[in-house]
Amino acid sequence: MLTERYRETGNLDALTAAIDIFDAMDAATGSYPLRPVLRQEQAVRLRHRATTSGQNPDLERAISLLEHLLEDEAEGTYMWMVPASTLAVCLGQRFRRLGYIEDLDRAIDLHQKVLRVRHSDAIDVAGHMLNLGTSLLARWLLHHHRQDLDDAIGLLSTALRQYCGPPSELPGFLADLATALSYRAGLQDGGEEDAQAAEQLFAAALSACSRGSSIEALAIAGLSEMIARRARSRTEAHDIDADIRHISSLHTAARRHVKIAADVSARLAEAKVARHRLTRRTADLADAARAYRHCVETDAGDPVRLLTTATDWAEWAESSEAWDSAAEAFGHVLTAIRALVALQYRRADKETWIARAPYLADQAAYAFASVEANDLEAAVRAAEEGRALLMREALRERTEPEALRLAGYENLAALLERTERRLTLARASGSAEQLAEAVSAHRAALSEARATGACQPVADPVGIGEIRAAATCSGTALVYLLSARGGGMALVVPPDDVTIHEVRLPEARLDEVRRRAEHHLQGYEAYKRDRSAEAAWLRALEELGEWCWTAVIGPVTEVLPKGSPLTLLPGGPLRFLPLHMAHTPKDDHGRSTYAGDDRLICFAPGAAALLASEEPVSLTSVTLVCAPGTRAPLRYAPLETDEVHKRHPHATRLDGARAGTAETLAHLARTSLVHLACHATADLREPLNGGLELTDGRLRLRDILRQRGDVGVLAVLSACETAMTGTALPNEAIGLPTGLLQAGFRGVIGSHWIVDDMSTALLMARFHDLLNEECPHPGEALRQAQRWLREATNEEIKATFPAYRRDTTTMSPLARRLWKKARPYSHPFHWSSMSFTGSWPTR
C-alpha cells in the first residue's frame with residue numbers, strides 16, 4: 001500500500017515508511033518461504049529512495065541484498081533473473097554516481113544474460129532492451145567505440161517499437177532513445193535528422209511524463225541541450241534570442257530538480273555565449289560564468305557529472321579567452337579526475353578516466369599562468385597534477401600500511417596488505433567473480449584504514465611545498481613543459497629559490513607540437529620497417545633537434561644560471577620529442593652547441609618520482625645481464641658486458657640460460673645497480689606489453705609494475721627503445737623508466753630509439769668508467785660519456801678500448817691517417833640515444 005502510494009504520488013515519506021516496516025518485519029521473522037521475493041522488492045524500494053534522495057548508503061544496501069539473493073539461485077532461472085536484472089540497474093546507477101567502471105562492465109554482462117533468457121514476455125523484453133541500451137550508451141561515453149553507440153540506438157529503437165506496457169512508462173523509452181540520438185547527432189558524421197528526431201522525442205517525453213519524475217528531469221535536460229546546440233550554429237542574433245526564450249521557459253519546470261536546474265542554466269549560458277559571438281555583449285559572458293559556477297557547485301559530490309560540466313565550462317572559457325574563468329573551471333576538472341581515478345580498482349579503468357582529459361592539466365596550467373589569472377603556483381600544481389597520476393597514486397598507496405603502523409594500527413596495516421595482494425592476484429588471473437570479491441574486500445579495508453585519519457586523503461592535491469622539495473632533493477630546476485592551444489609554456493621551479501619562472505614558448509602551440517611529434521614517430525616507424533630510410537630519418541632527427549632548441553629548450557636556458565642542471569617534465573606531445581638533444585643551428589664550421597654540453601639534463605614523469613631521501617646513495621652490489629638473443633643477435637653485447645665487468649669485478653653476471661625473466665626480476669630486488677645488455681621492444685599502443693627481451697622471453701613492463709618491497713637503486717637499460725613511452729596517455733609517461741621508478745629505483749638510464757650495437761657498447765663502457773666517487777651522479781657520468789663519444793676519433797677509441805679493432809693494414813697511408821682522425825659517432829643518433837630519468841642526490 002505505501003509502496004503503491006509512492007509510485008502514484010512520488011511521496012518519499014510513504015516509501016521510507018514501507019522500507020522501515022519491512023526492515024522491522026524481516027529482522028523479527030527470520031527465514032520464511034517468501035523472504036527472497038520480499039527482499040527483492042525491498043531492494044527495489046531502496047534503489048528508488050537512492051534515486052530520489054541521492055543517498056549512496058541505500059544503493060549500497062540494495063546491491064548487497066541482491067548479491068546475496070543471486071548466491072542462492074541458479075543462473076538463467078526466473079528466481080535468478082529478477083534480482084539479476086535489478087542488480088544490473090543498481091550497478092549502472094552506482095557507476096553513474098561514483099564512476100566504478102567494473103560496475104558498468106558487470107551491469108552490461110548481466111543485462112545481456114537476462115535478455116538472452118527472457119523471450120516470452122514482450123513487456124519485459126522491451127524493458128531489458130532499454131536497460132542494456134542505456135548501459136551501452138554509458139560505455140560509449142567512456143570509450144567512444146562507435147559500435148556501442150549504434151548498438152544502443154538499435155536496442156532503444158526496438159524497445160520503443162515493441163513496448164506495449166502502461167502509458168506511464170513510455171516517456172522513459174522516448175527520453176532514452178532521444179539521448180542516444182542526440183549523442184550521434186553531435187558526432188562529425190552526425191546528421192540533422194538525428195538532431196530533429198532527438199528534439200521531437202524529448203518534447204514528447206516531457207509532455208507525457210509525470211510532473212517531478214526523473215524522466216521529466218531527463219527530458220528537460222535533453223531538450224535544453226538540443227536547443228543550445230542549435231543556438232551555437234545560428235548566424236542571426238534574433239534566432240538565438242528565440243532559443244534563449246525557449247530554454248528560459250524550461251527553467252521553471254527544471255527548478256523541481258536541483259541538478260537539472262543547474263544543467264538548464266548551463267545550456268542557457270551556452271546560448272548566451274553563442275549570442276555574444278554575434279553581438280559582443282559582455283553581460284552574456286558574465287552570465288555564462290555564473291551559470292557554470294552554479295553547475296559545478298551542484299555537482300561537487302558527483303565526480304562523473306562534475307567532470308562533464310567542468311570540462312564544458314573550461315573549453316568554453318578557453319575558447320573565449322576568459323582566462324580567470326578557465327582557470328577556475330580547470331581546477332574543478334582536475335578535482336574530478338583525481339577523485340575518479342582514486343575510486344577505480346583496475347589500472348585499465350584508471351587509464352580510461354585519465355584518457356577523458358589527456359591534455360586538460362596542461363591547459364589548466366596555461367590558464368592559471370595567464371596575465372588575467374597570474375597564479376604561477378597554481379599553474380605548477382596543475383601541471384604536476386596532470387603528470388604520472390598513476391605512479392603518484394601507487395606511491396601513495398604503498399605508504400599507507402607504513403603510515404598505519406606508525407599510528408599504531410598494525411592489524412589494519414596487515415589486513416590492507418593482504419587484501420592488496422589478493423586484489424593483485426585477482427587482477428592478473430582471477431575470474432570476474434573473484435575480482436569482484438577482491439575489490440569488495442580491499443575497498444572495505446581501505447575505507448577502514450582511511451577512516452583512522454592516519455593515511456593521506458585520496459583527494460588531496462599535490463602541494464607546492466612537495467614540488468619545491470622535489471626540486472631540492474634532485475638538486476635540479478624542475479621544468480614543466482606544456483603546450484596549449486594558445487602557445488607553449490615552461491614553468492621553472494629552481495631548487496633553492498622560491499621564485500617560479502614562467503617562459504612563454506609561442507612556437508610550441510599544441511597543434512604544432514602534435515604535428516611534429518606525429519611526423520617524428522611516423523618517420524621513426526618508417527625507418528624501423530625499411531633501413532634504407534635511415535638517411536632521411538637521421539636528417540629529420542637533426543632538424544627536429546634544432547627546432548627543439550629554438551622553440552623550447554633555448555628560451556628556457558635563458559632564465560637559468562649557466563651550467564645549472566635541470567629536470568624536464570614534458571607534457572602532452574612534447575613527451576615524444578628528443579628534447580635532450582636540442583641544439584643550436586650549425587655555425588660557419590658546421591658545428592652545433594647541444595643543450596647538454598654545459599649542463600646536466602634529466603627527465604622525470606612527475607615530482608613525486610623525485611621525492612626520496614636526500615642522503616647520497618652508493619652502488620654496493622652490481623648485476624650484469626647479457627642476453628644478446630638468437631634472432632638478429634647483438635654482436636657486441638658480450639663485449640659490452642665484459643668491459644662493464646672490468647669496472648665492477650665483483651658483479652654477479654647472468655649470461656645464457658641464467659639471463660631469464662625470473663632470475664632477472666629477482667635480481668632487480670637484490671642488487672643496487674642492474675645493467676642489462678639485450679634486445680628490448682616498446683609497444684607505443686599497449687606500453688604495459690613492452691619490455692626487455694631475455695633468454696626465455698620478454699620481461700614486460702606489467703611484470704615490473706607488480707614488484708613490491710626492496711629493489712635496486714640504478715637500472716641501466718642498454719637496449720633499444722627503453723625510454724620510449726606509450727602514446728595514448730603521454731602525461732603518464734608509461735614506459736620502463738616510470739615502471740622502475742614506481743617499483744622503487746632512484747634512477748634509470750634508457751634509450752629513445754633503436755640503438756647501434758657498437759656505439760652503445762662504447763658509450764656504456766665509458767659511462768661505467770666515469771661513474772665513480774668523483775662523478776657519482778649517473779646522469780652526469782652519462783653526459784660526459786656522450787660528449788666523449790661524440791668527439792672521439794677512431795684512434796682515441798682504439799687507445800681507450802683495445803677490443804675496438806679495425807684492420808687498417810690494407811689501407812693506404814692517407815686512408816689510414818684519415819681513418820684515425822675520423823669521428824665515427826659524431827651524429828646524435830649514436831651518442832644522444834640515452835637519457836637519465838629520476839633523481840640522484842649527491843650532497
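A: A salt bridge is a side-chain nitrogen of Lys or Arg within 4 Å of a carboxyl oxygen of Asp or Glu. This is a predicted model: local features need pLDDT of at least 70, side-chain atom pairs count only at pLDDT 80 or more, and totals for chains, interfaces and linings use all residues. Residues are numbered from 1 along each chain as its sequence is written, and side-chain values use heavy atoms, with hydrogens and water left out.

Q: How many salt bridges does this rule give?
A: The count is 56. One of them joins Arg 61 and Asp 23, with the closest N and O atoms 2.3 Å apart. Arg 61 lies in helix 4 (residues 56-71) and Asp 23 in helix 2 (residues 12-29), so the pair ties together parts 38 residues apart in sequence. Helices (H or I, at least four residues) and strands (E, at least two) are DSSP runs, numbered from the N terminus.

Q: Is Glu 318 buried or exposed?
A: Buried means under 20% relative accessible area, exposed over 50%, and partly exposed in between (1.4 Å probe, protein chains only). Glu 318 is buried, because its relative accessibility is 5%. Its salt-bridge partner is Arg 485, the closest N and O atoms being 2.1 Å apart. Arg 485, at 48%, is partly exposed.

Q: What distance separates the end C-alpha atoms of helix 6?
A: The expected span of a helix is 1.5 Å times one less than its number of residues. Helix 6 (residues 101-117) has 17 residues and should span 24 Å; its end C-alpha atoms are 25 Å apart, which agrees. Its buried residues include Ile 101, Leu 104 and His 111.
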